[in-house]
Amino acid sequence: MQLTLRGRNVREKDQSNQRLLAIIPARNEAATVGEIVRRVRAVVKGDILVVNDASDDATSAQARLAGATVVDLPFQLGAWGAAQTGLRYAKRNGFDIALTLDADGQHHPEELPALLEGWRCSGAHVAIGTFPARLSAAKRLAWQYFRLLTGIGVQDFTSGLRVYDRRAISVLASRKASLLDYQDLGVLMLLRKKGLRLHEVPTVMSPRRTGGSRVFSSWLMVARYMLHTTVLCFAQFGARGRIAPARRGARA
Amino acid sequence: MSAVLTAALIGIAMAGAIFYLVRRDHLHGSYALWWLAVAAAALLLGVFPQAIDWLGRVTGIAYAPVLPIIIGLAMILLRMLKMDIDRSRSERQLRRLTQKLGIIEQELMQARAMQRPAAIAEPTAPRTKTAQVIPLPKSGDA
């Protein structure tokens, strides 16, 4: 406890010197990525990195035009593969804070300062921006199941709106995290296994403008996802319950 | 007699094929060892099928011919598991390599972009250096 408090004080003191990287994984988001980059730059002081996950459209050019640094992946690695690329970039270039958000406009960049503030106050290593109201009944049921299975008391596992500190960046940039396919449970379980604390910050999100959720698009996909994640939980079994995540608002 | 001959022929042919393919050196280290062991087993069981009966008696299995099938199947399953483990490792390496390639490419672009204005600022320095001409010997010279 002492240690965390001291860590937190140090963090607050050095806040101005900390380098922040906003990571935006994008695949075929040419219509929105430029606007998102501009809006992020308007509210957050730091570098902006767009990881172009082998898009077929002008995502890369639009992001560059908006002033972001762009990493182009030669072939598709998926949402987590792209986000991890950003985290590896952050580690390589010595950033202290990394935040991730989607390029499709469902996360509002204007919510970022509140998310960062919530993260700072909580003293947790990772903050997750959640929007409980957007969860459908099916998702709620699925999350209840995974909460039971993993013991991670998070409202929304899949939210890609997150803040990571240096330790979290280091853990997630490692080889261990490279075989994960989604950025949800596997990532959270890995973070917990390493003893990092999570904190949830309620935010406002919009429904996706283009296309539906990749995971919850059809029943077959849902079944596949549930099975995949259950197996992942099984593989991670034994790491359970060592560190409880910071409860919402408990330390704010 | 003919059954023994058939078994021997199959065993020798299989072992010979494996030996030939391993000798062509397309296999990586431990894989070659595995396949040589398979070839040796095929040769042994083909030429001495009575070894199976002996093995059946030793292990207490009444119907001995099922034994090589069970062992073979188990070996194949283990082999497949090992293959998937290797594939997972390759997949991890491929993903990390892809990520690194993307990052390095970005750094290269950035470095080039930074170099370009410097080259414009002092354009004379590298340009004035005339290329050194080294006369190449012609075919008739020597």
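Visitor: Which residue stands opposite A:Ile128 in strand 6 of chain A?

Guide: In this predicted model, A:Ile128 stands opposite A:Arg162 in strand 6 of chain A. Strand 5 (residues 126–130) and strand 6 (residues 162–164) of chain A are joined by three bridges and run antiparallel.

Visitor: How many bridges join strand 5 of chain A to strand 7 of chain A, and do the two run parallel or antiparallel?

Guide: Five bridges link strand 5 of chain A to strand 7 (residues 198–202) of chain A, and this pair runs parallel. Within that pairing, A:Val126 stands opposite A:Leu198.

Visitor: How should I read the two faces of a strand, and which residues of strand 5 of chain A lie on each side?

Guide: The general idea is that side chains in a regular strand alternate between the two faces of the sheet. In strand 5 of chain A, one side carries A:Val126, A:Ile128 and A:Thr130, while the other carries A:Ala127 and A:Gly129. Every one of these residues is buried, and both faces are covered. Five of the five residues of strand 5 of chain A are thus counted as buried.

Visitor: In what order do the seven strands of chain A form their sheet?

Guide: The order is 3-2-1-4-6-5-7, the sheet is open, and its pairing is mixed. Strand 3 and strand 7 of chain A each have a single partner strand and stand at the edges, so one side of each lacks a neighbour in the sheet. From one strand to the next, the twist averages 20°.

Visitor: What lies across strand 7 of chain A, and at what angle?

Guide: Helix 5 (residues 112–122) of chain A lies across strand 4 (97–100), strand 5, strand 6 and strand 7 of chain A. Its direction is at about 145° to strand 7 of chain A.

Visitor: Let us move to strand 2 of chain A. How many of its six residues are buried?

Guide: Five of the six residues of strand 2 (residues 47–52) of chain A are buried, so this strand is largely enclosed by the rest of the structure. Strand 1 (residues 20–26) of chain A pairs with strand 2 of chain A in the parallel sense over six bridges, and A:Pro25 stands opposite A:Val51 there. Strand 2 of chain A is also joined to strand 3 of chain A by four bridges, again running parallel. In that pairing A:Val50 faces A:Val70, which stands opposite in strand 3 of chain A.

Visitor: Where is A:Ala54 found?

Guide: A:Ala54 is in the loop between strand 2 and helix 3 (59–65) of chain A. A:Ala54 has a positive phi of about 50° although it is not a glycine. A:Ala54 is partly exposed, having 18 other C-beta atoms within 10 Å.

Visitor: How do helix 1 and helix 2 of chain B cross?

Guide: The axes of helix 1 (residues 2–23) and helix 2 (residues 29–47) of chain B come within 7 Å and cross at roughly 160°. The two helices of chain B are therefore roughly antiparallel to each other, and their crossing is left-handed. By class, this contact in chain B has 18 nonpolar, two polar and no charged residues. Among the residues that meet are B:Ile10 and B:Phe19 in helix 1 of chain B, and B:Trp35 and B:Leu43 in helix 2 of chain B.

Key. Residues numbered from 1 in each chain as written. Chains lettered and ligands numbered in written order. Predicted model: local features only at pLDDT ≥ 70, side-chain atom pairs only at ≥ 80, totals over all residues. Axes fitted to C-alpha atoms, helices over the stretch in contact; angles between N-to-C directions. Parallel < 35°, antiparallel > 145°, perpendicular 65-115°, else oblique. Left-handed = near helix turned anticlockwise from the far one by under 90°. Contact = placed C-beta atoms within 7 Å. Nonpolar A, V, L, I, M, F, W, Y, C, P; charged D, E, K, R; others polar. Buried ≥ 20, exposed ≤ 12 C-beta atoms within 10 Å, placed from the backbone. Pairing = 2+ DSSP bridges.
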